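The entries below follow the order in which I looked things up.

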Amino acid sequence: MDVTTGWYLVLGALLFVIGGTGLLIRRNPLVMLMCVELMLNGVNLSLVAFAQRLDDIGGQTVVFFVLVVAAAEVVVGLGLVVAILRRRPGTTADDLSTLRG
Amino acid sequence: MVDALVFFIAAAVCLTGALGVILARNPVHSALMLVMTLFGIAVQFVAQEAHFLAAVQVIVYAGAIVVLFLFVIMLLGVDRAQDLELSILPGQRWAALVFGAGSLMVLGALIVVVGEPVTGAKSVGGSASTAENVRLLARSLFSDHVYAFELTSLLLVIAVIGAVVLARKPSQSELPLVEERGEN
């Protein structure tokens, strides 16, 4: 039984769907950021599968850039979360609907 | 056969961790489940001979990003268990249901309809799956994508400066924001 590219794509898509669903149902901003990481990892897995299948290193290069951008995103996102939660302890994503312009 | 075994075990670890992230009540448990998923993905990377990315996945993601998450959780003291705080925005639960079910249906249709998902010619630039993985990746990064690579350094500097600006203690002039909260 060979592991084909399609299996990796299915796993990546499942991770993406789970992450997206979590992003919609959770209100804790920290957990929402983790769900974004899950979605990014699903995409990364698909990119590596394509790189392996097509023998093209470009896919892995893109994954490298995704890693860098994810790190930057987490740094800024956690900075925002710290700033918000310090001023309003116990807040959730829904409470920030008061931020109108 | 061994390949399939590795794939299924790692996939089970990934999916268990992913479900744990979105279902755990305690944010600390979510972060630990995220580590589990990331290790599973690293195993999948090794199985596809992306050795450098597997190492980076463990070092950067599991080693740095999740630690950052845990650090913020501890710093803010939000590590007490909360109920599964499902969203209170009207319609959002339905949106989540529609998104999840719709995506899974599209995914299932794709598996059934498209037997062979990959079309396109193989690259002629050299194999991505040999023992020279790191060398090929480095050559690609520092020749073809060198401008993007330099731009990422700029992005990281901007992110660090932004994080410092955002997370510093609010100065005196900004403090009234805290008092306003009580009146709203």
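I counted two residues as in contact if their C-beta atoms, placed from the backbone, lie within 7 Å. This is a predicted model, in which local features need pLDDT of at least 70 and side-chain atom pairs count only at pLDDT 80 or more, while totals for chains, interfaces and linings use all residues. Residues are numbered from 1 along each chain as its sequence is written, and chains are lettered from A and ligands numbered from 1 in the order in which they are written.

Entry 1, interface. I found 67 residues of chain A in contact with 77 residues of chain B. On the chain A side, the elements giving two or more residues are helix H1 (5-25), helix H2 (29-54) and helix H3 (58-87). H3(A) gives the most, with 22 residues. Helices here are DSSP runs (H or I, at least four residues), numbered from the N terminus. I sorted the chain A side into 43 nonpolar, 14 polar and 10 charged residues. Ala, Val, Leu, Ile, Met, Phe, Trp, Tyr, Cys and Pro count as nonpolar, Asp, Glu, Lys and Arg as charged, and the others, Gly among them, as polar.

The residues making the contact include Leu40(A) of H2(A) and Val66(A) of H3(A). By class, I listed 15 nonpolar, five polar and one charged residues in this contact.
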